[in-house]
Amino acid sequence: MLRLTDVRKGFPVRSTGEELWAVDGVSFEVERGEILGIVGESGCGKSTTAKLIVRLEDASSGSIHLAGNELVGVSDRDLGWLRRTAQLVFQDPYASLNPRLRVGAAIAEVLRVHERTQRGKEERDRVNELLGLVGLSADFASRYPHELSGGQRQRVGIARALAVEPELLVLDEPLSALDVSVQAEIVNLLKRLRTELGLTYVFISHDLGMVRHLCDRIAVMYLGQIVEIGPWSQVADAALHPYTQALHAAVPLPDPELEASRESRPVPGELPDPANPPPGCRFHTRCPLAEDVCRRDDPPLVRLGTDHDVACHVVAREHGVCTDDLTAGGHPNQPDDPSERAEHP
Amino acid sequence: MSDIAQASSAPVGAVPSRRPRLTRLWQTKSGLAGTIIVSVAIILAVLAALGLTPYGPTAQDPTVRFQSPTAAYPLGTDQFGRDVLSRIMSGLVSSLLVAVSSVAIAASIGTLVGLVAGFFGEWIDRTIMRINDVFFAFPAILLALAIVSALGSGWRNTALAIGIVFIPLFVRVARGPVLALREVDYIQAARVLGFSRSRILLRHLLPNLGSAVIVQVALALSWAIITESSLSFLGLGTQPPMPSLGLMVSDGRNLVGQGAWLLIAPSAAIVIVVVGLNLLGDGLRDVLDPKDDR
């Protein structure tokens, strides 16, 4: 359904004239009907990845295949099919709806642009049907966004995205602006929509706890790269990468006594400057397991379990996989020499 | 003003804090004062346009030359015995006519150009804004003078000249909010949803520029009246015998020894209308503050 291959996206840094690689060699696949979660701290490139998939930004290099078509480098004019295939649900439901358009008009506009229905009764019926699909009654059609709660607005945002009848929904932190009780409602709504409409999701979040309730597979990003990717049960419950483990430690436990007795292992230090990432493994400045090799070589993603890939020298060695051969040969997905990057602006 | 419709057609009780905006305008001092002054000026102009002045604006009566203000002639008479009040009322007609048409030209063209510059950005934006800066570099009156000299005088050409001079103001005013709005989620959402550029520009960006442009319209109207009066004063605007405030000031200046009111009355009329429009603009800005735009 969706395949990213060595995707990179650089933004020029005005003060230095250098490029900031927000997404730096990301590769993953999403099967039809699957839910892939992407988690990571702010600034790790997960939202940029979302924007690349719906082509709000064009990737600097690499390839993004969606439903058999290439996205990277294609002109905006030739992307009509993309708009009907992939849609984005935004993080902030208060900013993602035009304040001057009634809910019904906002949804009907999408139907008109994509000629999904005839004007008139068919259009009104479809608007009501879409509202019903996201759990809103038909009288919401005549409301303005400012009359709606955050959760209701997010439902409208989802209804608009569904109006084009997409196959893939990219959800860019759709829960982070919502109350916890409302978050659960939206997660349940998304689960139901996937079953009813056969949708595929890329679900972006900074909350590992919420992602495990929804996703089939989880990718963990750090400074523009994927450090661990695999089935949710493994990434969520048997994480191998030290960064993923640290993220788990940051999720509070529901039981206060258990939470109090738990050994606290916060990630030490600050996120390094993404415009000037550390050499070798990008996580080595904050990693409890860091060794010399980590300061020198960028670890490639290696398969350490069923469909479970991890980018870490130390963990790979513990699993009997030697990463040296891979880095020496230059893994195609992981350009490890900074001077090599300068040649591909 | 879609906002008025928006607030009043919303279900009762849904938005208790929202009052129709015009009511809020009248609750600010400057808004109320501005509305009253501008309304009076418009009423006087409309009466004059309908021929309902106390005397004919060009009717001469040699028996009453240089009359001081009296009950019969509230603002006195001039060297031909014409009623100054009637002439000021007629002068308001041409002043407002020129001001409204010129600002209509400037606002429609300038807003569209600013919209395009802000939305497309990059070289389109840079080119438009540099040309804009060139226009800005000329003093408004100088540029207007040049255009009127090229086109010839008369109220239509005056309106066109002032309109062209004021275009850059609206380009600036429209471009700023567009730059900010372009990155707003609902505009990004419109792009992801595959809306065409013209649809995003006209249906999603333009309506959200309303408040900034409306405030600018009120202020530009006052500047247009000053510019029109200045051009008429210099003999390049409205031509005699059509009455004009600028022409009356020009005439009054020569006759100030015979009757100070001949200079004071039209000058005061200009000042009052300009102040009124500025107060109205201030009031509108307070009411239409983008901060409570949602």
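The model is predicted, with local features needing pLDDT of at least 70 and side-chain atom pairs pLDDT 80 or more, while totals for chains, interfaces and linings use all residues. Residues are numbered from 1 along each chain as written, chains are lettered from A and ligands numbered from 1 in written order, and side-chain values use heavy atoms, without hydrogens and water.

**The cavity and the pocket**

The structure holds five cavities of 30 Å³ or more, and the largest cavity contains about 100 Å³ of space (the space filled by probe spheres set on grid points). β6 (86-89) and α5 of chain A, together with α8 of chain B, each give at least two residues to the lining of the largest cavity, and α5(A) supplies the largest share, four residues. Helices (H or I, at least four residues) and strands (E, at least two) are DSSP runs numbered from the N terminus.

The largest pocket holds about 1,500 Å³ of space. Of the 40 residues lining the largest pocket, L56(A), D76(A), F119(B), R191(B) and R197(B) are the closest to its centre. A pocket is an open set of points with protein on both sides within 12 Å along at least five of seven lines. Several helices each supply at least two residues of this lining, among them α1 (46-53) of chain A and α9 (197-205) of chain B, and α5(B) gives the most, with five residues.

The table divides both linings by class (Asp, Glu, Lys and Arg are charged; Ala, Val, Leu, Ile, Met, Phe, Trp, Tyr, Cys and Pro nonpolar; the others, Gly among them, polar).

| Lining | Nonpolar | Polar | Charged |
|---|---|---|---|
| Largest cavity | eight residues | four residues | one residue |

**Helices that pack together**

In chain A, the axes of α4 (residues 121-133) and α5 (residues 150-163) come within 9 Å and cross at roughly 125°. α4(A) is therefore oblique to α5(A). Where do these two helices meet? R126(A), L130(A) and L133(A) of α4(A) are in contact with A159(A), L162(A) and A163(A) of α5(A) (heavy atoms within 4.5 Å). This contact of α4(A) with α5(A) has five nonpolar residues, no polar ones and one charged residue.

Chain B has 12 helices and zero strands, and its C-alpha trace spans about 75 × 50 × 25 Å along the principal axes. Its helix α3 (residues 29-49) packs against α4(B) at an angle of about 105°, with the axes 8 Å apart, so α3(B) and α4(B) are roughly perpendicular to each other. The contact of α3(B) with α4(B) has 11 nonpolar residues, one polar residue and no charged ones.

Helix α7 (residues 155-182) and helix α10 (residues 210-233) of chain B pack at about 155°, with their axes 10 Å apart. α7(B) is therefore roughly antiparallel to α10(B). Their contact has 13 nonpolar, three polar and one charged residues.

Axes are lines fitted to C-alpha atoms, for helices over the stretch in contact, and angles run from 0 to 180 degrees between N-to-C directions. Angles under 35 degrees count as roughly parallel, over 145 as roughly antiparallel, 65 to 115 as roughly perpendicular and the rest as oblique.

Technical notes:
On a 1 Å grid over the protein atoms alone, a cavity is a set of points where a 1.4 Å probe fits but cannot get out, and a pocket is an open set with protein on both sides within 12 Å along at least five of seven lines; lining residues have an atom within 4 Å of a point.
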